[in-house]
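Today I want to look at how the copies meet and then at the annotated site.

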There are 2 protein chains.
Amino acid sequence: MASQIVNEVVTANNAYAANFGSKSELALPPARGFAILTCMDARLDPAKYAGLSEGDAHVIRNAGGRASDDAIRSLVISHKLLGTKEWFVIHHTNCGMELFCDEIMSDLLDDSLATASFDGENWSNPQHGGGCAAGHFIKWHTIENQEESVAQDVARIRSHPLVPKNIPIYGYIYDVKTGKINEVSEATKLGKAA
Amino acid sequence: MASQIVNEVVTANNAYAANFGSKSELALPPARGFAILTCMDARLDPAKYAGLSEGDAHVIRNAGGRASDDAIRSLVISHKLLGTKEWFVIHHTNCGMELFCDEIMSDLLDDSLATASFDGENWSNPQHGGGCAAGHFIKWHTIENQEESVAQDVARIRSHPLVPKNIPIYGYIYDVKTGKINEVSEATKLGKAA
């Protein structure tokens with residue numbers, strides 16, 4: 001028997017498909033020629049906050065919106081094969097990635113894989129046992145300061161050997177209290193060719 | 001001077017923020033407790049095709065919707081710290097990742113970083129020079145068959161040591177011609193605990 005979530009997702013999808021219309025004709029390359037790298041956070045809807053229709057732009061998302069190797073793999077494919085010419089890195093206020101560091105995460109996982117709880121200051125495991133040491137071998141890409149993380153990520157992408165110098169990379173922070181994206185001008189500067 | 005794309009994105013964002021309303025009160029953990037891993041493809045809007053409102057679910061996206069190390073990092077954070085309890089892996093028909101292999105991509109980049117062109121069968125570089133050998137050291141996570149890639153990705157996540165066995169992982173393929181998500185039942189079977 002399907003879970004309630006599966007039923008809800010399939011029902012919503014049926015409604016979407018019933019009014020699909022001319023979207024069946026959309027081309028594979030992004031019509032507006034740009035890509036956004038942003039966080040997986042549930043409160044962020046990049047299509048809504050950046051005004052994207054289906055077919056417009058690539059959207060890459062991970063925990064933090066970080067310029068991981070995998071995000072760079074995706075961006076290079078986006079430009080080299082599918083022609084995007086401008087990229088945005090958009091982190092956000094009140095990000096979960098600010099609430100822990102590598103040591104906290106790996107220690108929590110070492111003890112238990114079950115969901116931890118947060119009291120506003122510290123994380124703890126409500127149950128113990130069944131953990132795994134593998135977390136100690138992962139870089140979690142946590143964030144101390146959003147302006148710094150946006151600047152770091154833009155700089156990392158800018159300096160990657162597979163990224164052409166003529167692609168501008170813009171740095172922004174999405175404010176979860178207002179819905180506004182605010183430019184990190186120092187990051188955007190780093191994102192433009194010298 | 002800002003580019004046309006930046007102006008369009010900022011204008012759309014201003015309109016979104018102007019009607020932000022009660023979204024400023026949304027909590028950080030996903031309200032509906034699930035996560036979707038899907039492709040960065042511009043034609044896919046997971047919020048629309050799966051019926052997500054802001055605050056509902058984590059959305060992780062990369063080239064292909066692949067279960068890369070970085071996608072698994074994001075999923076583990078999603079469950080361990082933010083409580084998601086069910087995950088979807090959703091690839092799609094007519095994916096760009098089916099149109100090349102690692103050797104084609106790395107050879108193209110070796111020759112030039114500029115956007116390549118595709119004649120329906122082969123990729124070629126419209127201009128030569130300025131390439132970089134770094135692409136030969138990247139696994140691009142291309143796809144030969146969508147049902148296989150969904151099954152591989154679900155199986156990889158299922159067998160990861162940091163993924164608890166009680167999280168069901170569902171495999172689907174989004175059809176870009178109809179907007180429907182169709183279950184890959186073999187993949188979903190792999191995604192459930194034995």
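This is a predicted model: local features need pLDDT of at least 70, side-chain atom pairs count only at pLDDT 80 or more; totals for chains, interfaces and linings use all residues.

**How the copies meet.** I started with the interface: 100% of the interface residues of chain A are also interface residues in chain B, so the copies meet through the same surface. For contacts I used heavy atoms within 4.5 Å. Residues are numbered from 1 along each chain as its sequence is written, chains are lettered from A and ligands numbered from 1 in the order in which they are written, and side-chain values use heavy atoms, with hydrogens and water left out.

**Symmetry.** I superposed the copies by least squares on the C-alpha atoms of residues with pLDDT of at least 70 in both. A rotation of 180° with 0.0 Å of shift along its axis puts chain A on chain B, with an RMSD of 0.0 Å. The two copies are thus related as by a two-fold rotation axis. Which C-alpha of chain A is nearest the axis? That of Arg61(A), 2.3 Å from it.

**The annotated site.** I looked up UniProt next: an unreviewed entry lists Cys39(A), Asp41(A), His92(A) and Cys95(A) under "binding site". They span 57 residues in sequence, yet no two of their C-alpha atoms are more than 8.8 Å apart, so they gather at one spot. A caution on the record: positions are in the numbering used here, feature names are shortened, and annotations may be inferred rather than shown by experiment.

**Asp41(A).** I found Asp41(A) in the loop between β1 (34–39) and α2 (46–50) of chain A; helices (H or I, at least four residues) and strands (E, at least two) are DSSP runs, numbered from the N terminus. Buried or exposed? Asp41(A) counts as buried at 3% relative accessibility (buried is under 20% relative accessible area, exposed over 50%, partly exposed in between, with a 1.4 Å probe and protein chains only). Not counting residues up to four places away in sequence, Asp41(A) touches Arg61(A), His92(A), Leu28(B) and His58(B). Its side chain also reaches the backbone nitrogen of Arg43(A) at 2.7 Å.

**Cys95(A).** This one sits in the loop between β3 (86–92) and α4 (102–111) of chain A. Cys95(A) has 3% relative accessibility and counts as buried. Leaving aside neighbours within four places in sequence, I get contacts from Cys95(A) to Cys39(A), Gly64(A), Gln146(A) and Leu28(B).

Conventions. A polar contact is a pair of N or O atoms within 3.5 Å; within protein, one must be able to donate a hydrogen and the other to accept it, and residues adjacent in sequence count only if both atoms are side-chain atoms.
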